[in-house]
Amino acid sequence: MKLKIALTGLLIVFATASPTPDVANGRARAAARERSGVSLSEGPEETAAKRRPRAPETDGNWRVFGRDPGAQRFSPLTQITTRNVASLEPAWTFDTGVKDLQVTPLVIDGIMYLTGGSTVYALEPETGKTLWTYRSPSGAVSRRGVAYWPGNATAPPRLFSGAGDGRMIALDARTGALVTDFGEHGFVDLKTSVRGDVDGKFMLITPPVIYKDIVITGGANEEGEPSLGLYGDIRGWDALTGKMLWSFHTVPRAGEPGVETWDEESWKNRSGTNAWSFLTVDVERGLVFAPTGSPTSDFYGADRKGQNLYGNCLIALDAGTGKLKWFQQLVHHDIWDWDLPAAPTLIDVTREGRTIPAVAQITKMSLLFIFDRVTGEPLFGLEERPVPQTDVPGETTWPTQPFPRQPPPLSRTTFDPEKDFYNLTPEHMAYCKDLWATNKMFTRGMYTPPTVDRTMVMFPSTLGGGNWSGLSYDAGRGLVFANIMNLGQVARMEKRTDAKAGRVDYKRTTPWGRPIGRFWNPDTKVPCSAPPFGELIAVDVNRAAIVWRVPLGEFDNLKARGFPHTGTPNIGGTIATAGGLIFVGGTIDKRFRAFDSQTGAQLWETMLDASAHATPMTFMGRNGRQYVVIAAGGDGLLVSPPGSKIVAFALPQQ
């Protein structure tokens, strides 16, 4: 796709120390919080305030999910280094009582903020002690955390989160009380401006981002069936009042640029095409970057023929107005559920003595695209390559798909049944070969469409490759780090008839009767392809070249039989530190690990109660200790056993 220019669970923390702000609110505010669904920790707030002097502005905070608005996920802290990381030990544990955690906590001025289920928590970050809780009466809050607005001359700091179906809330960051003059008594209805003729669901599973006094939201609407529902527009809201300031139509409406990429009027009430993952902000240039998902239905597009803008796009908008600056569509007419799942990461590329502000986008296809942040031009080439075409009646796949010339795909993208089966154990190889033969499986490489008579096998899977795990970036080393999985997907299309309408269409199915299937043994979670099954990879952004790659994770039963270092499927991102470290959970083996960022050597690992399918964070405590925190809640997508705790790690106290 050429450049387009606009025409108009368990959380674990590792520690070192720092101070917290005054959180005293008085008995009157305590009573107000009780009425608002906020629970206080035990003990007088006045006493807590006296022992929590306001923390100075230091680099020890973690203010947004990616630490900085550009999602670099890099900490300048150096107390924990390659030399001493092996001495890390648990500092505290906090049990949320909620499974399937994906939260990255924030630590700001001595308070930790995190989410789980329908609750927002404020903790003392050095101890895990609860300061306050807010329980949403309308359902789940944003599962990956909250957004923090520092306030202004007229309003104190606020937190923003989703709250059930179609709602966004604002909380007082000091007390956890609803900000009742925001929206309608603290809530904004996210559905009103995206509802055409059809209703549907709309959730903020990922927190919004903040630019100045604007709260910018994406959101998750319907992605499967039915095809019609709420639109997936990206919108900006006044952080003080909750008034909508601007809206970008991710599905163009009549007369708007891009509507011609939808056959006939298939854009009408088209759901999906959303920004369900993380948005990022270039504060200096006033840009917000949004990765979008596929239009509905994400496995069958006969009722939406065409290129389907702005589905599967990296979009750059003016953060103050919502005006389109540029976009790149990275999957045309998606029928594989290959959303852009990860935060666009702001990086700098050095070329011929000059520094180019750039943005890097990892994808489920494991393709890493790097664009000029201002113009949208690809910095390492982009070419449209012919891809296999569908034979499903009524469907029309796009003839080409975009590939970066550099770097190469980060994960497996091909499978040769003559040599690529995992054959280290005879029983597993027998299972996989029988699966292949019984279901008449075939593959034609990336972008193989499912067919009716046989079962398609394709790499990567609907989980990637890459996923919302995304990238971390060490600017000093010029490296981005990605954890990926080498996992395939299997599918075929099945004819069905609507008895009432007499309409014939096709739905995706698998050997297990579900629309989504992995190319693995579902009982053991061991893939049918040869290892490594999961990897940690470093890419030099100045050359778009892979510097190192190492297996990530192990299957304990395979290790016991003499097959270590296989890697495992994984979801949950990395962070990088100035101490020369990469921290990552993500794997299905319940481990949390640290690697040398220069070499990829594993330096430390610890066993958790559950797998950590979340992105960690690190901060400097008021006690002078650096902590590393991870949520270990298991995962439904990878069927990891559930957990519910937040755990912090730190070096031993001197």
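Author: Cysteine 313 has a relative accessible area of 0%, so cysteine 313 is buried. The cut-off for buried is under 20%. Bear in mind that this is a predicted model.

Next, the disulfide. Which cysteines are joined by a disulfide? Cysteine 432 and cysteine 528 are, with an S to S distance of 2.1 Å. The cut-off for such a pair is 2.5 Å, and the count by this rule is one disulfide. The angle about the S-S bond is -80 degrees, and the link of cysteine 432 and cysteine 528 is left-handed. This pair links distant parts of the chain, 96 residues apart. Cysteine 432 lies in helix 3 (residues 426–438). Cysteine 528 lies in the loop between strand 34 (526–527) and strand 35 (534–540). Are the two ends buried or exposed? Cysteine 432 has 0% relative accessibility, so it counts as buried. Cysteine 528 is also at 0%, and therefore buried.

Now the rings. The structure holds 31 aromatic pairs. One of them is tryptophan 336 with tyrosine 447, an edge-to-face pair. The centres are 5.1 Å apart, and the planes make 80 degrees. This pair, too, links distant parts of the chain, 111 residues apart. Tryptophan 336 is in the loop between strand 21 (324–329) and strand 22 (345–351). Tyrosine 447 is in the loop between strand 27 (441–442) and strand 28 (455–458). Tryptophan 336 has a relative accessible area of 1%, so it is buried. Tyrosine 447 has 0%, so it is buried as well.

Another ring pair is phenylalanine 592 with tryptophan 604. Their planes stand at 80 degrees and their centres are 5.8 Å apart, so this pair is edge-to-face. Phenylalanine 592 sits in strand 39 (residues 591–596) and tryptophan 604 in strand 40 (residues 602–607), so the pair ties together parts twelve residues apart in sequence. Phenylalanine 592 and tryptophan 604 are both buried.

Rings also group. Phe415, Phe421, Trp436, Phe459 and Phe519 form one aromatic cluster.

Some rings carry a charge over the face. Arginine 167 lies over phenylalanine 187, 3.7 Å from the ring centre. Arginine 508 has its charged end over the ring of phenylalanine 299, 4.2 Å from the centre.

Then the nonpolar cores. The largest has 55 residues. Which of these touch the most other members? They are Tyr113, Trp132, Leu159, Phe583 and Ile646. Strand 42 (residues 625–632) gives the most to this core, with six residues.

Last, a sheet. Strands pair through backbone hydrogen bonds, either parallel or antiparallel. Here an open sheet of four strands runs in the order 27-28-31-32, with mixed pairing. Which strands are at the edges? Strand 27 and strand 32 (504–509) are, and each pairs on one side only. Strand 28 pairs with strand 31 (residues 489–497) in the antiparallel sense, over three bridges. Valine 457 stands opposite valine 490, which belongs to strand 31.

Definitions and conventions
Residues are numbered from 1 along each chain as its sequence is written. This is a predicted model: local features need pLDDT of at least 70, side-chain atom pairs count only at pLDDT 80 or more; totals for chains, interfaces and linings use all residues. Side-chain values use heavy atoms; hydrogens and water are left out. Helices (H or I, at least four residues) and strands (E, at least two) are DSSP runs, numbered from the N terminus. Buried means under 20% relative accessible area, exposed over 50%, partly exposed in between (1.4 Å probe, protein chains only). Rings of Phe, Tyr and Trp (its six-membered ring) pair if their centres lie within 6.5 Å; planes under 30 degrees apart count as stacked, over 60 as edge-to-face and the rest as tilted. A charge sits over a ring if NZ of Lys or CZ of Arg is within 6 Å of the ring centre and within 35 degrees of the ring normal. A nonpolar core is a set of buried Ala, Val, Leu, Ile, Met, Phe, Trp, Tyr and Cys residues joined through side-chain atoms within 4.5 Å. Two strands pair if DSSP finds at least two bridges between them.
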